[in-house]
Amino acid sequence: MKRERRVVVFSAEMKPLIALAALLLVVAACGSKEPANTDSDAIDPVIEVDVTEQGTDATTTGSETAVTEADPDDTTVEDPLPNLGPVKPLRDLDGWLQSDIDSLEDLRGKVVVVQFWTFGCHNCKATLPNLRALYDRHRGEDFEIVGIHSPEFDYEQEPDAIAAAASELGVTWPIALDTRKRTFFGWQGGPAYWPRTFVLDREGNIRFDHIGEGAYEELNAAVATLLG
Amino acid sequence: MITALGEGISQSLLPCSWTLLVPAIALGLGTRNVAVLGVFAGTVIVTAWVVAAGWFVAPLWLAGAALLAGGLLWWRLGPTYIPAVLVGVGAAWAWRPCVGAELGKALTTAQHSPLDALGGLGAFLLGVIVVGLLIGLAVGALIRRRKGGRLENAGAAVAVVLGLTMILGIYPKIASMLAQWSTALWA
């Protein structure tokens, strides 16, 4: 008894497409990484950058910290973080959630992480485990996180939806409602992105700026440095 | 660069990438001319790089105007170089990315050192564009095989409609509905 064989024949124009698609799948599998931090327990330890101790010169380069012996007579303390200028005011906000502050001025004297985000943004959500861990780690210190919620899509504009999403995502820090995105564009100047994370020092100067996911170690180190 | 390319491919179907993906699908649907497709990809990369460096950021209506002009020329001349350039410029101007780790590195670098960012940004965009072109080419090949019809004008129509929705300001509402729907489906 003969068994029928079904043969699938691809036309000549389809073959290169199929080969290219297969190659792209392989590249996508290599390039698509899991979020660096999906669990607060899995977060790498904070890089300690001690800039207050005399006789030690600490510099941060990328994700590594190099600590070298310095001249013991040199009593100057070198701050490894660049000063990117004073922070701009928050413009035409539509209110706050989970907060008793009205502006960033109210947080002067604290180290503040400011993040532009929107709850429907996949990449913004991927940064939250690290922010939650950072918030827990520095609870009780002069430290605060402010999430500036600048909706990309209409369905992300309702305060009730934002509050529900914040609760679901474990966002417990103050949220500034920037529904008209005045601050989103005003702060970032030129092209504006989700997510974008800044760290402000106690005087309100921008000392760290990163667009997108990643750079968690650098962010954590910047906060630790500024908190001293 | 490979990681950035992979990130572009893996993020190509997210709502943030649709302003690049849809024109790429349209172009892939309209032509199999590799040189025209290459000009489109190159135009998107260079234009997006200029935006990332902060040298020129276009409002959405201007992106729509470029797409509309590209679509109309495409309709009249066929999917040739000039329409591909205009559609590429419009798509890159309209692109409002959500940013992963690799694209984030490139965009952060572009703020102070644009040339150093070109490789990573280009690789990411290439990932998104190639997925769109492949979808368009594959759908086009299937339709041609079954019906034998001409598809050049279908891609032009997509570019015209996309451009009009941006000029009239209804694109954000349509994108919002689609994004909400796709997010719910994903969840």
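Residues are numbered from 1 along each chain as its sequence is written, and chains are lettered from A and ligands numbered from 1 in the order in which they are written. Because the model is predicted, local features need pLDDT of at least 70 and side-chain atom pairs count only at pLDDT 80 or more, while totals for chains, interfaces and linings use all residues.

Start with the sheet of chain A. Select its six strands, which form an open sheet in the order 3-6-5-4-7-8 with mixed pairing; strands are DSSP runs of E, at least two residues, and helices are runs of H or I, at least four, numbered from the N terminus. Strand 3 (96-97) and strand 8 (206-211) of chain A are at the edges, each with a single partner strand, so one side of each has no neighbour in the sheet.

Next, select strand 5 and strand 6 (residues 175-177) of chain A, which pair in the parallel sense over three bridges (pairing requires at least two DSSP bridges). Here Ile148(A) stands opposite Ala176(A).

Now select helix 2 (residues 122-137) of chain A. About 30° of bend is found at Leu128(A), and Pro129(A) follows within four residues; the bend is the angle between axes fitted to the seven residues ending there and the seven starting there.

Finally, go to Leu20(B), in helix 2 (residues 18-30) of chain B. The C-alpha atoms of Leu20(B) and Gly88(B), 68 residues apart along the chain, are separated by 8.3 Å.
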